[in-house]
Amino acid sequence: MQPFKPVGNIAQKIGLVLSGGGARAAYHAGVLKAISEIIKKDDHPFPIIAGFSAGAFNGAFLAARATSDFRQNATELWNVWKNLKPEAVFRTDTFKLAGIGVRWLLSLTLGRGGGRRGPNFLLQNEPLRSLLEGQIDFRAIHRNVEAGRIQGIALSATSYDTGATVTFYDGGPFREPITSKSHFLVKTPLGPEHIMASSAIPIFFPPVEIGGEYYGDGGIRLPTPLSPALHLGAERILAIGIRHSLWKGPAAVNHGRLRSRRRKPQPPTLAEIAGVLLNAIFMEALDVDVERLKRINQVLRLLYKAHPAARINEPRIVPNLTIQPSIDLGKLAFQLYRKFSMPLQYFLRGIGASNEKGWDFMSYLSFDNAYTSRLLELGYNDAMSRRSEIREFFAEGTGSIHRAA
């Protein structure tokens, strides 16, 4: 494997971290297209890529195209999400949905739900494999790593056998090993099965077998989503999240309490419960890890100011730029519900999501271009509104700046 050589005027190795979030990951593509226009470089600017869940798809898509024009690649990724339909990700025909429902009903009524042959998912996502194989040349990812065009790519999944996070990666070597008892590394050429596993949202998509173990979504047990990129040697981190950057939890809670006084509270639907669980999986970890990195950087700056000689030793300051949505993506799905295809509306209604409730859950499974097109535009506009920060972040010799949304 050839060592990675920085291109253009990008002196430091930038790690791109892409969070999960199902259909919400279209936001990543909007941000990346804006970045490609802001930095105006043909060369691939991210030698290190780390992603989980739908972020794994976006990361692999870019890694496979690291030899060509980054602006063109970002546009192609934009087009994939812009033209997306639910049937390209999971089966939406009534016969298949009804068949899965019958299997669950029989399993529960016959008392066989806990058996190995019992159902363990709600949606069949075989179409996703075809989408992956049609859009990503997985052999090109390995060739790009071997040729030194990218230093490494890491995709994380959760083992249902051990409960641990497993990061499958190609490239390296890792700067230092991950020593956590709940996080393991597996070096391997990446294939569609790794993205299928990383994006297998629990309960909704089936577990994926790799090497004799079954895996699910990488966001389930990944408290430090920045760590794979850092361990691969990233000297700067650009992270793209899916959580509304101006979210105010207490206000939302108070609103709920006031509403409950006006009318009798109703029990939550399956979609509302699932939305809370998915938010916990996909939203919290990146924010917490970015805040942790920010505090470590602050401590190191104080240390280096008091003891300049300490700069020659580890640990190092890692500049970070985080871009997150400027509006709530759940509410956006609610606004577009009536524009979704009828099969998608049928499925969402079946589990209690509508234009009145279950918005967060709805947003994760709304693989419909009525929704993804809006996410693309939002990501593009959010990044463009921060063009000066992005230019500074990519500029050579910017020092140890740290900015986070």
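## Burial and the case of N320

A residue is called buried when its relative accessible area is under 20%. In this predicted model, N320 has a relative accessible area of 1%, and therefore counts as buried.

N320 belongs to strand 9, which covers residues 320-323. Two polar contacts can be described for its side chain. One reaches the backbone oxygen of I237 at 3.1 Å. In the other, the side chains of N320 and T322 are joined at 2.9 Å.

## The chain as a whole

The protein chain contains 16 helices and 10 strands. It has 405 residues, of which 54% count as buried. The chain exposes about 18600 Å², and carbon and sulfur atoms supply 54% of that area.

Contacts can also be sorted by separation along the sequence. Among those between residues at least 6 apart, 77% join residues at least 24 apart.

## Nonpolar cores

In soluble globular proteins, nonpolar side chains tend to be buried together. The largest nonpolar core of this model has 99 residues. Within this core, the residues with the most contacts are W81, I136, L238 and F361. Helix 1 (residues 26-39) provides the largest share of the core, with nine residues.

Leaving aside residues up to four places away in sequence, I136 touches F57, A60, F61, A64, R65, I141 and I195. There is also a second, separate core of 15 residues. Among its members are L226, L232, A239 and V290.

S53 has a phi near 55°, a positive value in a residue other than glycine. I203 likewise is a residue other than glycine with a positive phi, in this case near 75°.

Where are these residues found? S53 lies in the loop between strand 2 (48-52) and helix 2 (54-64). I203 is in the loop between helix 7 (192-198) and strand 6 (208-210).

Is S53 buried or exposed? The relative accessible area of S53 is 1%, which is under 20%, so S53 is buried. I203 has a relative accessible area of 48%. This value lies between the cut-offs of 20% and 50%, and I203 is therefore partly exposed.

Notes: Residues numbered from 1 in each chain as written. Predicted model: local features only at pLDDT ≥ 70, side-chain atom pairs only at ≥ 80, totals over all residues. Heavy atoms only, no water. Helix = DSSP H or I, 4+ residues; strand = E, 2+ residues; numbered from the N terminus. Buried < 20%, exposed > 50% of the residue type's maximum accessible area, 1.4 Å probe, protein only. Polar contact = N/O pair within 3.5 Å; in protein donor to acceptor, adjacent residues only side chain to side chain. Core = buried A, V, L, I, M, F, W, Y, C linked by side-chain atoms within 4.5 Å. Contact = heavy atoms within 4.5 Å. Areas by Shrake-Rupley, 256 points an atom, 1.4 Å probe, with all protein chains shown as cover.
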